Amino acid sequence: MLGAGIACWFVLPDVPRWSALILSALAVAATGMALDQGGRVARAVSVAALLVAFGCALSWWRAERVAAPVLKRPAVVSFQAVVERVEPQPARQMVRLRLRPDAAAGLPPVVRVNFASAVVPSGLTPGAIIRLRARLMPPASPAVPGAYDFERVAWFDGLGASGRGFAPIELVAPGPPSGGVRNRLTAHIQSSLAGSAGGVAAALVTGDRGAISEADAEALRRSGLAHLLSVSGLHVTAVVGATMLIVLRLLALSPTLALRWPLPVIAAGAAGVTAVGYTLLTGAEVPTVRSCIAALMVLAAMMLGRQAITLRLVAFGAMVVLLLWPEALAGPSFQMSFAAVTAIVALHESDRVRGWFERREEGWGLRLLRGVASLLLTGLVVELALSPIALFHFHKSGIYGALANIVAIPLTTFVIMPLEAAALLFDTTGLGAPFWWMAGQALGLLLAIAHAAADAPGALAMLPAMPGGAFALMVGGGLWLALWRTRVRLAGLVPAAIGTAWAVATPAPDLLVTGDGRHLALRMADGRLALLRDRAGDYVRDMLAESGGVDAELPALAEQDAARCSADMCVAEIDRGGRRWRIAATRSGYMLPWTEVIALCRSVDIIVADRRLPPGCAPRWLKLDRPTLARTGGVAIALGGAIRTVRRPGAQHPWLAPTQVMPPRPQGPGKRSNTGS
């Protein structure tokens, strides 16, 4: 119910509706209290309503609390700043800097700038003061409906601008010599294992995924193994279990300690301290924090002699995360992390499933077969739980994840992580090389499994951006199935089935237009999406393909028989819904004769432009020029059907109308800002 209140704040558009929800929930809670005569129903309704009201208010308060100015428009600026964070990304030959500009720079309090690795001074650490020149942009809204919402993420992260820096970087004052334990450990691991193997090894220990190549990262996503890179329950459990085992065995070597001290309690305490340290080391991201809380609760339950793994434990972890970071609910990390662990716990709390897989007196062959079947069933259930979330956020989901995880999870838990731990331990005496070699071979096998699963026929399920209501029905049905223990749980199949049918039946968009009007993807007669601008970057191509539910390279619109294109304009004709549609779009920044544009407008159904079109431009159905797209954001159109826009009329979330900072006037390459002088 706390999560439901938070979700309502994100879904509802404006202050009157947020206020109405809070007041209505409080009224329901008061009614429940008034009618409470000692029964559970009235009390449960009251508590649920209070939590909904509190969740909505908490999100609202959090969004206002993190408010910070945002850059008004793109600009090239020179400024001085303090380095807050350094994030090397070797696979992209790039370093990402989180900076706090000098107050005199006239910029937002926090900006993020990417630099080519070659131009970053060696030894640059947090706390250093640098002078730089960069092209900064305001945080971008989703390019099309269903795309990644960096604008919202940046708001809660305190980022007011991001961009690309230019060489050189002038180091005004160095930072502390230490770059932090996490950065030093990441660099050490990557120096011991080259390429993506080192990137995966670093991700397992410190959570830093910057050294994993895009091809390997995509294979891990397509194969359903990307969860191995996010430090969560698997990793924390391995660390806690290893710590308990080692501490318990070492202390048990002393008969005095074994007979007089509660060694399991001491080992559990040591494991708890290790879990907290590991969480801090890996950056304390949402899945890691959730897993750490769960581990601490399990250890506490073990100390008290209580049942350790329950759905109450999962709920407690979710409550803590949502109370600290309510915005996490809207992100895929929180949703996938808790969906997976909820599905696993709910499955193994079932008496029938527990009866299938509990230990019994049998031969090693049957025991092995039973263990593999348990892993396969768990993998299938987790895939079913995660697929709607993956399809909603990323528009794609791996098909063979359950099979790949049968090998990948034991390989990671019992081979790769112990070898990494041994290598790091023996590196203190200079004897870690053999362990690094073995870890490299195991990591190579893991990546080979990922590529094999990703490249198999039909490895990926693609779905265009689904309606939020369909996703909510699937999530609600899944929660109902997980939380109930009686046959009442089967009622959850109804909303889950309705949501699934709704998502599948939603027609794929025929036309996708980005919010700046520069890029357009049009679905041709064969189902492929054709791209307006031949030189669009990889990010734009991938984003439009995913949003359109296509797993293929997008061809150029100019190469299609249904289109006629010049250097400045394209006109395409396609048949949809029993009629022929004529669509025009500008494809260059050069000025066009207005009289010709007005004449073209009258002959087309839709016209798209990255500029203001003349008032006389009146297409038969829709005009999407710069003023229109500024109000609507990106647009997805099913011709003859629904039109979806990024911006909703009247939406009042704080990141949609932030306090803006006008950037200083551009500095020439030879000029220097007075900032800091």
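Tutor: A residue is called buried when its relative accessible area is under 20%, exposed when that area is over 50%, and partly exposed in between. The model is predicted, and every value below is computed from it.

Start with the pair of Arg-485 and Glu-349, which form a salt bridge with their closest N and O atoms 3.0 Å apart. Arg-485 sits in the loop between α18 and α19 (493–505), while Glu-349 belongs to helix α13, so the bridge ties together parts of the chain that are 136 residues apart in sequence. The two partners fall into opposite classes. Glu-349 has a relative accessible area of 10%, so this residue is buried. Arg-485 has 63% and is therefore exposed.

The pair of Glu-327 and Arg-62 also has its closest N and O atoms 3.0 Å apart. Here the link joins the loop between α12 (311–324) and α13 (332–349), which holds Glu-327, to helix α3 (residues 40–65), which holds Arg-62; the separation is 265 residues. Glu-327 and Arg-62 are both buried.

A further bridge is made by the side chains of Glu-214 and Arg-221, at 2.8 Å from N to O. Glu-214 is exposed because its relative accessibility is 54%, and Arg-221 is partly exposed because its value is 39%. This pair belongs to a network of salt bridges that also links Glu-218, Lys-396 and Glu-546. In the whole count there are 25 salt bridges.

Val-475, Leu-479, Trp-480, Leu-483, Trp-484 and Val-488 make up a nonpolar patch with about 540 Å² of accessible area together. Leu-483, one member of this patch, lies in helix α18, which covers residues 468–483. Its relative accessibility of 55% is over the limit, so Leu-483 counts as exposed.

Disulfides are the covalent counterpart to look at next. The search finds 2 in the whole structure, and with the bonded cysteines numbered in sequence order the pairing is 1-2, 3-4. In the disulfide of Cys-601 and Cys-617 the sulfur atoms are 1.8 Å apart. The torsion about this S-S bond is about -80°, which means that the link is left-handed. Cys-601 is in helix α21 (residues 594–603) and Cys-617 is in the loop between β15 (606–608) and β16 (622–624), so that distant parts of the chain, 16 residues apart, are linked. Cys-601 and Cys-617 are both buried.

Cys-565 and Cys-570 form a disulfide as well, with 1.8 Å between their sulfur atoms. This link is right-handed, with 115° about the S-S bond. Its ends fall into separate classes of accessibility: Cys-565 is partly exposed at 29%, whereas Cys-570 is buried at 2%.

Why is the sulfur of Cys-56 too far for a bond? The closest cysteine sulfur, in Cys-8, is 6.9 Å away, whereas a disulfide needs sulfur atoms within 2.5 Å. Cys-56 has 0% relative accessibility and so counts as buried. Cys-292 counts as buried too, because its value is 7%.

Now for the chain as a whole. The chain has 22 helices and 19 strands. Its C-alpha trace spans about 95 × 65 × 55 Å along the principal axes. For 677 residues a compact globule would have a radius of gyration near 26 Å, and the 28 Å of this chain agrees with that.

Of the contacts between residues at least 6 apart in sequence, 64% join residues at least 24 apart. Pro-126 is partly exposed, because its relative accessible area is 25%.

Key:
Residues are numbered from 1 along each chain as its sequence is written. This is a predicted model: local features need pLDDT of at least 70, side-chain atom pairs count only at pLDDT 80 or more; totals for chains, interfaces and linings use all residues. Side-chain values use heavy atoms; hydrogens and water are left out. Buried means under 20% relative accessible area, exposed over 50%, partly exposed in between (1.4 Å probe, protein chains only). Helices (H or I, at least four residues) and strands (E, at least two) are DSSP runs, numbered from the N terminus. Patches are made of residues with over 30% relative accessible area and no salt bridge: like charges are joined within 9 Å, nonpolar side chains (Val, Leu, Ile, Met, Phe, Trp, Tyr) within 5 Å. Accessible areas come from the Shrake-Rupley method with a 1.4 Å probe; for residues, only the protein chains shown count as cover. A salt bridge is a side-chain nitrogen of Lys or Arg within 4 Å of a carboxyl oxygen of Asp or Glu. The radius of gyration is taken over C-alpha atoms; the globule rule is 2.2 Å times the number of residues to the power 0.38. Contact means heavy atoms within 4.5 Å.
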